[in-house]
Amino acid sequence: MSASALWRSRPDWPAGWPRRLSPRALLVGALSVGLALSSTAASAIALNGRPAHDANAAPAITPAAVERAALQAEASRLAAAFQADPQALRASAQVALAVGRNDATVATFLKLRWAARLSAAIERYGAMLASTDAQRTTLGIAGVQHYAAQLHNGLLHDGPAKLIIVSVQRQHMTALEGGRVVVDAPVTTGRPSLATDIGAMRVLHKDAPWTMQSPWPKGSPEWYPDTVVQMVVWFTANGEGLHDASWQPASTLGPGSQLGPFASHGCIHVPLSAITTLFDWAPIGTPVVVYPGDGSPVASQTMQQSVDAMGNPVSGVRGA
């Protein structure tokens, strides 16, 4: 499996969403539709070559018009599948909507130029999923799948050259370079009282090894003894970093671990193999985006941002 296929097959949706269709089948299918529509739109540009002053010229065929027509055609193709099992098709579209919203949130935090347009488009078609009209519903499904694929493809190929993203919902980290997955690993973020900051930050500096020292006095419920970690990649001036955690069993990393006994004080615990790769791979300035990843609309997720426009946390001191 290729690196980009690995990330496309990630289970990046909120807990509780139906999983009748595999995420790989869903996203690969959606990407195929997206690529086909993009190709059709590109052909439309070539078709629109007549001079504007030609009185007999046919009306201009714009890429947007061709894309809408292609979505209508895809909706018609989905009609039979919808009649056979409407619940399954709606469920798969809801998963695609959640994944697309998560990708749109990361793109919005990064201020990518296309984020707002594609986010608005997926919400427009997502609103059709609850329709009682089969034609409108299948059009919504086609649109959601298409724009989810566009959003994901945008992050892979039109985002920063190197990018680290962390989903709080999934407790998972992915590091990307030019559309290629470099690291894909479970993590543990901050406990509720010291949650890891949300938003777009960046690698500030790195240390190996490093002794974590509690900023809280002994006797405080947050105090911890001096603790050595092998490598730490700092991404805020408040003391938040990605680092190994030898005291935490590997099996306890992942979903829900931010609520358990090994939850951090704001840092992000990652497997030693993952931080070893990141330490050499991520130069100073590499974007680090921590996002809710709960599949809610972009506005809902970005409201949880806890850093300013420069990526500086507005919260208190963190560590370990």
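Residues are numbered from 1 along each chain as its sequence is written, and side-chain values use heavy atoms, without hydrogens or water. Because the model is predicted, local features need pLDDT of at least 70 and side-chain atom pairs count only at pLDDT 80 or more, whereas totals for chains, interfaces and linings use all residues.

Begin by selecting Ile164, Met173, Leu242, Ile268, Val270, Leu278 and Val289, which touch the most other members of the largest nonpolar core, a set of 63 residues. Such a core joins buried Ala, Val, Leu, Ile, Met, Phe, Trp, Tyr and Cys residues through side-chain atoms within 4.5 Å, buried meaning under 20% relative accessible area with a 1.4 Å probe and protein chains only. Helix 6 (residues 134–158) gives the most to this core, with 9 residues; helices are DSSP runs of H or I, at least four residues, numbered from the N terminus.

Next, select helix 3 (residues 63–84) and look at Leu78, where the helix bends by about 40°, the angle being taken between axes fitted to the seven residues ending there and the seven starting there. Among the buried residues of helix 3 are Glu67, Glu74, Leu78 and Phe82.

Finally, turn to Tyr125 and Tyr147, both buried. Their ring centres lie 5.8 Å apart with planes at 25°, so the pair is stacked, given that rings of Phe, Tyr and Trp (its six-membered ring) pair with centres within 6.5 Å and count as stacked under 30 degrees, edge-to-face over 60 and tilted otherwise.

Conventions. Buried < 20%, exposed > 50% of the residue type's maximum accessible area, 1.4 Å probe, protein only. Helix = DSSP H or I, 4+ residues; strand = E, 2+ residues; numbered from the N terminus.
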